Structures are given as structure tokens and as C-alpha cells.
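Notebook open, viewer running. I'm jotting down what I look up as I go, one entry at a time.

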Amino acid sequence: MERVEVSRLVPASAEAVFAVLTDPRGHVDIDASGMLLDAEGARVERPGDRFVVHMDREALGDFPLGKYDVEVVITKLVPNEEIAWTVEGRIRPHVRHVYGYRLEPAEGGTLVTSYYDWSELAEEWKRRLTFPVVPESALKATLGILERTVRRRAAA
């Protein structure tokens with residue numbers, strides 16, 4: 001298995017969900033891994049857009065990287081339907097794992113599917129790190145936090 005997908009019905013419009021997912025600080029707001037500390041950059045609008053995330057790998061306790069910055073690079077963006085990205089950090093070559101969300105209209109809101117794909121990793125990374133870096137349980141928890149965040153932003 002080189003891909004994890006989890007889904008949740010979020011009782012909100014795709015537009016409201018997508019607004020969180022295209023906001024760099026939205027990624028921090030919904031993170032259940034504990035690694036994302038803050039983000040800087042403008043709302044993403046197209047593939048190739050980038051923003052900086054301040055990370056703390058000690059939250060996972062698996063790899064002694066401490067605090068560091070990465071660039072999130074948007075690889076796919078279809079408004080209100082899908083967003084995907086990879087991460088570029090100080091380690092070379094870049095790992096090239098892909099995270100993303102697909103949004104589908106559903107009765108009662110939007111079916112949100114979070115995915116994490118590491119199928120295109122070089123063998124050296126598969127030998128060096130344990131995948132998935134972010135466990136399925138954290139992806140599920142992130143979807144719950146996403147629902148809460150969308151609801152709170154709508155009320156503000």
C-alpha cells in the first residue's frame with residue numbers, strides 16, 4: 001500500500017471547505033499531526049503556487065529534525081473540487097510525497113476525501129523513512145477538525 005484515503009461528509013458547501021484548503025493558515029488550523037506550527041503566504045489559486053509552513057517534526061517523535069521550514073508546492077488545483085501538493089524542504093532530493101483533498105457534492109454537504117500518496121518516492125526514501133509519515137488516524141482527525149474550522153469560519 002502506497003496511498004491512504006479517508007472520507008467524511010462535511011455539512012458545508014464545497015466553496016466553504018475549499019476556502020480553508022486554499023488558505024495557508026487553514027492548513028495549520030486543521031492539522032491533526034501536530035507538526036504544522038504556522039504558515040506564511042497568500043491564498044493559493046493555481047498549480048505552482050507556493051507557501052511556507054513552519055514545522056515541528058518532534059510532534060511525531062520519529063525523526064530528529066526539530067523545527068524547520070518547508071515550502072508547500074501546489075501540484076493540482078481545481079476550484080471547489082480538488083487540491084493537491086507536495087512538500088519541498090531542506091533535505092535533497094525532495095521526498096515527493098503528495099497530499100490532497102477531493103470534494104464531491106453530497107446530500108447534506110460535501111464529501112471530503114483526504115489522501116496521502118507516496119507511490120512516486122525514490123527507493124532511497126522508502127528505505128530511509130517509514131511511510132506513511134502521517135498516519136491514517138491523523139488524516140481522519142484532520143477531517144473532523146476541518147469540519148469544525150469550516151463551521152467556525154462561517155460563524156465569524
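This is a predicted model: local features need pLDDT of at least 70, side-chain atom pairs count only at pLDDT 80 or more; totals for chains, interfaces and linings use all residues.

Which residues is I83 in contact with, leaving aside its neighbours within four places in sequence? I listed F18, L21, T22, V44, I74, K76, L77, Y99, G100, Y101 and Y115 for I83.

**Entry: the core**

I went from I83 to the core. The largest nonpolar core holds 46 residues, and V17, I83 and L146 touch the most other members. I then looked up which element gives the most to this core, and that is α4, with six residues.

**Entry: the whole chain**

I stepped back for an overview. I count four helices and seven strands in the chain. From the N terminus on, I read the order as β-α-α-β-β-β-β-β-β-α-α. The radius of gyration is 15 Å, close to the 15 Å that the globule rule gives for 156 residues, so the chain is as compact as a globular protein of that length.

I also boxed the C-alpha atoms along the principal axes and got roughly 45 × 30 × 30 Å. Buried residues come to 47% of the 156 in the chain. For contacts between residues at least 6 apart in sequence, 50% join residues at least 24 apart. The accessible surface is about 8000 Å², and carbon and sulfur atoms own 49% of that.

**Entry: helix α4**

Does its length make sense, or what span should I expect for 20 residues? At 1.5 Å a residue, residues 136–155 should span 28 Å, and the end C-alpha atoms sit 29 Å apart, so the two agree.

An α-helix has 3.6 residues a turn, so residues three or four places apart point the same way.

**Entry: R153**

R153 lies in helix α4 too. Its relative accessible area is 32%, so I filed R153 as partly exposed. Beyond residues up to four places away in sequence, R153 touches A19, V20, D23, R25, G26 and D29. I checked the side chains of R153 and D23 and found a polar contact of 3.1 Å joining them. I also took the C-alpha separation of R153 and A19, which is 9.6 Å for residues 134 apart along the chain.

**Entry: T113**

I picked T113 in strand β7. Is T113 buried or exposed? The relative accessibility of T113 is 2%, and the cut-off for buried is under 20%, so T113 counts as buried. Its side chain makes a polar contact of 2.7 Å with the side chain of S7. S7 also shows up in the contact list of T113, along with E5, V6, G100, Y101, R102 and E104, once residues up to four places away in sequence are left out.

**Entry: N80**

Last stop, a backbone angle. N80 is not a glycine, yet it has a positive phi of about 65°. Where is N80? I placed N80 in the loop between β4 (67–78) and β5 (82–88). With 27% relative accessibility, N80 goes down as partly exposed.

Note on methods: Residues are numbered from 1 along each chain as its sequence is written. Side-chain values use heavy atoms; hydrogens and water are left out. Helices (H or I, at least four residues) and strands (E, at least two) are DSSP runs, numbered from the N terminus. The expected span of a helix is 1.5 Å times one less than its number of residues. Buried means under 20% relative accessible area, exposed over 50%, partly exposed in between (1.4 Å probe, protein chains only). Contact means heavy atoms within 4.5 Å. A polar contact is a pair of N or O atoms within 3.5 Å; within protein, one must be able to donate a hydrogen and the other to accept it, and residues adjacent in sequence count only if both atoms are side-chain atoms. The radius of gyration is taken over C-alpha atoms; the globule rule is 2.2 Å times the number of residues to the power 0.38. Accessible areas come from the Shrake-Rupley method with a 1.4 Å probe; for residues, only the protein chains shown count as cover. A nonpolar core is a set of buried Ala, Val, Leu, Ile, Met, Phe, Trp, Tyr and Cys residues joined through side-chain atoms within 4.5 Å.
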